[in-house]
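Reader: I am new to this structure. Can you show me how to read it, one feature at a time?

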Amino acid sequence: MNPASEPAQLKDIVAHAKEYGFVFQSSEIYDGLAAVYDYGPNGVELKNNLKRLWWEAMTQLNGNVVGIDAAIFMDPRTWEASGHIAGFNDPLIDNLDSKKRYRADVLLEEKAAEYENAGDPARGAALTAEMGRLLTANDLAGVRQLILDEKILCPVSKTGNWTEVRQFNLMFSTQGSAVDSDAPPVYLRPETAQGIFVNFLNVQKSARMKVPFGIAQIGKAFRNEIVARQFIFRMREFEQMEMQFFVRPGTEGEWYDTWKAARRRFHEALGLPAAKLRFHDHDKLAHYAKAAVDIEYEFPFGFKEMEGIHSRGDFDLTQHQNLSRKKQQYFDADIDPATGKAYGNYVPFVVETSVGADRLFLATMCNAFTEETITEGEGETLQTKTRTFLKLPPALAPVKAAIFPLVRKDGMPEKAQEIFDALKFDFRLVLEERDAIGKRYTRQDLIGTPFCIVVDGQTLEDETVTVRHRDSREQTRMPISELRAYIGEAVSFRRIFEQL
Ligand code: GAP
């Protein structure tokens, strides 16, 4: 990563994520592996909460969506059928002076964004449309010419001395067989979706699903990304949360609109502001897609794709049917009002929703990262300072409540331990005795803990504690016996689900 090229805000979030145990560069002690990251103690909790919310929103709130967990390795023919071997490429271009490599489409998109920012969105749109046309036609010479015509220069060498544009396959492969060196390589899946497609009939039959129904999956995917930057936005190993929704041909348009709206509601229910979310129709459709839209979030580096919703037609199931020679049909016994007969056998069409867990994590962190100016103390001790905290929705917070004895004596630590033991079956908590209370509050603010419970002298007399609220810093007094219900309500997934 080149810190100098990052906007200040992303730099702050990257630093915060490392300092407070959310995200670390992979293999950092060896100077780090580019575009690969590890999640720390708080990061894994936040990410698991996001994944669990998505999982339950899919498989618990929808009676017609079930889950699977398919393997990362698949028969290599999967990727032949899916079109990834032939078509999962990025167009690359090198600058001969700086020897730097770029994605040709990214250079053009950045140019289009420049026009947009300079108040000429029509010119930007025309450029992306032309790029889309050339890429769809695989006209790589045309793409290069467009870069030259637009006078796009290498940001490093500042020259337009470009090579030809070449296609580069993004799949990682590894040796498939320890005994047969001629065996074809196996690939690390570049999307989780194919594990769903090849299991379509297994799931439909075993779970007795009727079209329309969906199959959801969360799992790792791997892509040899060329432009690896913007922290966890573009990684080589990442996690997808995908759902393939199988529908009767002809109904895919309605389902596409339904899922498009449902997925946007999900992000808003997670607290991402409507003004920072937008739909963006694809200029260049992936090889499998009939229609595609991104839900973009406004990251510190601009509006970028967080989720894709794709109308994939019967492309995948038909491809697998042809290559495997195993029928991928569904018998629909419902009566077609047009003919008065059963719909009968068909290969279902698919509407896919696909969101990156890491991108959702990044959007959540960016949205939660808050710096506010506060005044503390009074009279001569009055001071103004900046308070940094993570304004995470309580349901997502890694720690739901921190319990502090005010001092380490007079039975307060024992009482705090008692409260911890009573609540630990329901919530992830921390118990902290060290340092001044203000410092302890600050530590919890930095990781987004919504509540700090303080055991003080009065607690020992009347079984009440103070509950300090992260966002307002206000404190309320509450009986210990009410804590479970109070925190439980605030951190429940139900509050999010009710908005869906
Ligand atoms: N099955 C369809 C599919 O894979 P995609 O638009 O290529 O579609 C879906 O990817 C989502 O996966 C993206 O919207 C993004 O959130 C996430 N994603 C893709 N590539 C990624 C990468 N290199 N790093 C992190 N997330 C990525």
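Author: Start with a sorting rule: Asp, Glu, Lys and Arg count as charged, and Ala, Val, Leu, Ile, Met, Phe, Trp, Tyr, Cys and Pro as nonpolar, with the others, Gly among them, as polar. Keep in mind that this is a predicted model.

Reader: How do the residues of the shell around the ligand divide?

Author: Seven are nonpolar, five are polar and 10 are charged. Of the 22 residues around the ligand, those that come nearest are E191, M235, E242, E305 and M306.

Reader: Which strand gives the most to this shell?

Author: β13 does, with six residues. At least two residues each come from β10 (237-247), β13 (302-313) and β16 (349-356).

Reader: Now the sheets. How do I read one?

Author: Strands of a sheet pair through backbone hydrogen bonds, either parallel or antiparallel. Here, an open sheet of five strands runs β20-β19-β21-β22-β23, with mixed pairing.

Reader: Which strands stand at the edges?

Author: β20 (429-431) and β23 (475-479). Each has a single partner strand, so one side of each lacks a neighbour in the sheet. From one strand to the next, the twist averages 25°.

Reader: Where can I see an antiparallel pair?

Author: Look at β21 (residues 451-455) and β22 (residues 464-469), which pair over four bridges. F451 has H469 in β22 as its bridge partner.

Technical notes:
Residues numbered from 1 in each chain as written. Predicted model: local features only at pLDDT ≥ 70, side-chain atom pairs only at ≥ 80, totals over all residues. Heavy atoms only, no water. Near = heavy atom within 4 Å. Pairing = 2+ DSSP bridges. Axes fitted to C-alpha atoms, helices over the stretch in contact; angles between N-to-C directions.
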